[in-house]
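Trainee: I would like a close look at a single part of this model, worked through slowly and with the terms spelled out.

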Amino acid sequence: YMVFAGYSGFKNLPLPYHVMHGLGWLMIALFLHLWFSPYARFKKALQENNIPLAGQSLNKIRIVVTTNLWLGLITICLGALGRYFA
């Protein structure tokens, strides 16, 4: 509500808010990739009892989740400290 009432939309927001918004979309895209690619391969490998392939998929899942964690932490820092950079 404050975005539209206080700033009259996204175009007048300071840069940290735009970066937070972009990082949020990137995190959504990473999660969707995770769900439809490595996690699907992981489930299929477990159903076929292919443990090495399941392990490879699990490692890719770990990398994507760690990346999403760091992006989330950066977003939190921007949310908490963004007013000092704007």
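Is L15 buried or exposed, and with what relative accessible area?

Mentor: This is a predicted model, in which local features need pLDDT of at least 70 and side-chain atom pairs count only at pLDDT 80 or more, while totals for chains, interfaces and linings use all residues. Residues are numbered from 1 along each chain as its sequence is written, and side-chain values use heavy atoms, with hydrogens and water left out. L15 is exposed, with a relative accessible area of 62% (buried means under 20%, exposed over 50% and partly exposed in between, with a 1.4 Å probe and protein chains only). L15 is found in helix 2 (helices are DSSP runs of H or I with at least four residues, numbered from the N terminus).

In helix 2, P16, L23 and L34 are buried. Seen down the axis of helix 2, the buried residues fall within an arc of 20 degrees, so they line one face (the arc is that of the directions from the helix axis to the C-beta atoms). These buried residues pack against helix 3 and helix 4 (contact means heavy atoms within 4.5 Å), whereas the face turned away from the buried side carries the exposed W25 and F36.

Helix 2 (residues 15-36) and helix 3 (residues 38-47) pack at an angle of about 20 degrees, their axes 3 Å apart (axes are lines fitted to C-alpha atoms over the stretch in contact, and angles run from 0 to 180 degrees between N-to-C directions). The two helices are therefore roughly parallel (angles under 35 degrees count as such).

How values were computed
Angles under 35 degrees count as roughly parallel, over 145 as roughly antiparallel, 65 to 115 as roughly perpendicular and the rest as oblique.
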